[in-house]
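Reader: I am new to this structure and would like a close look at one part of it. Could you take me through the nonpolar core and what surrounds it?

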Amino acid sequence: SDDGKLSFDEFKSYFADGVLSGEELHELFRTIDTNNTDNLDTEELCDYFSKHLGEYENVLSVLEDLNITILKAMDKTKKDYQEASNLEQFLTRFLLKETLNQLQSLQSSLECAMETTEEQTRRERKDPTKPEVLSVQWPGKRLARRLQRNNSLSSNNPYSSTGWIEEDSQWVMQINRLQKLIDRLEKKDLKLEPLEEEVLEENARSHIMIVQHQMSVIEEKVEEFRLALKQYVQSASAQGDCLHVSIQKLPSNFHFIVYEFWENSDAWNSHLQMNHSKAFQRSNVDFLETPELITTMLVPGKY
């Protein structure tokens with residue numbers, strides 16, 4: 001509840017791992033609660049886990065340094081990429097992809113270790129008690145693995161229960177939301193053409209126009225900007241030659257990215273002359289810290 005402390009219910013919602021029972025979780029809670037207040041503060045949590053870090057003290061320290069290093073690299077990439085040459089941009093993309101591959105490889109190893117330890121614990125428990133399973137705030141892949149594993153449990157397994165699947169309903173809801181988005185795109189009959197050599201014509205109507213808006217909003221103006229952006233997106237989406245509009249907000253700051261797909265460049269140029277488009281651009285003068293960055297790209301395709 002963002003009050004600086006954890007109640008037992010809040011503690012369960014985060015630390016329940018599908019192995020410890022409710023009684024075991026409550027015993028752990030009492031162990032950490034050295035002040036006997038029925039609430040855990042930051043100091044108590046730090047004191048408990050710092051005593052049990054072992055080799056992972058070095059691991060977490062290195063990960064913290066890695067996180068800072070990557071964020072610095074991302075910041076420099078953001079500043080330099082637009083002005084870089086084609087070769088320099090290629091090298092940047094390659095290094096980003098290679099960094100991601102290394103991190104994914106490390107993540108796969110950790111996921112395998114987590115699954116192995118969990119399964120081993122379940123097999124070793126002689127008198128299994130009902131585990132406490134809540135909507136645990138693990139990363140998405142972690143929840144996906146739990147859902148797949150729960151679906152594969154046999155009916156005579158003491159841990160097999162439809163309740164396990166129901167507890168991961170939030171993950172299922174996310175999948176359904178993605179499916180709905182895919183369905184909306186499919187209804188537009190958007191098809192990218194196969195790779196082939198062709199001679200481009202000026203303002204070719206067979207090319208889809210993709211537009212990216214990057215906007216850094218003044219913190220005090222965020223709510224006003226959200227309202228103006230919502231009105232703009234609704235107006236743009238209502239146009240027959242607009243194929244799709246989506247919004248992305250970066251979690252680290254007040255930076256918004258808007259993606260628009262238009263039937264062709266003529267449709268995009270016509271959209272710019274619309275009153276709602278001009279009104280949004282005028283309002284951004286007051287809302288944005290820096291001028292809006294607009295990038296466009298023509299993609300061979302048909303609709």
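Author: What follows is a walk through the largest nonpolar core and some of its surroundings. This is a predicted model, in which local features need pLDDT of at least 70 and side-chain atom pairs count only at pLDDT 80 or more, whereas totals for chains, interfaces and linings use all residues. Residues are numbered from 1 along each chain as its sequence is written, and side-chain values use heavy atoms, with hydrogens and water left out.

A nonpolar core is a set of buried Ala, Val, Leu, Ile, Met, Phe, Trp, Tyr and Cys residues joined through side-chain atoms within 4.5 Å, where buried means under 20% relative accessible area, exposed over 50% and partly exposed in between, with a 1.4 Å probe and protein chains only. In soluble globular proteins, nonpolar side chains tend to be buried together.

The largest such core here has 21 residues, of which Phe-225, Leu-229, Trp-262 and Phe-280 touch the most other members. At least two residues of this core come from each of strand 4 (207-216), helix 9 (222-237), strand 5 (242-249), strand 6 (255-262), helix 10 (265-272) and helix 11 (275-287); these are DSSP runs numbered from the N terminus, with helices (H or I) of at least four residues and strands (E) of at least two. The largest share belongs to helix 9, which gives seven residues.

Strand 4 is largely enclosed by the rest of the structure, because nine of its ten residues are buried. Strand 4 runs antiparallel to strand 6, and eight bridges join the two, strands being counted as paired if DSSP finds at least two bridges between them. Within this pairing, Met-215 has Phe-256 of strand 6 as its bridge partner.

In helix 11 one finds Ser-277, which counts as buried because its relative accessibility is 1%.
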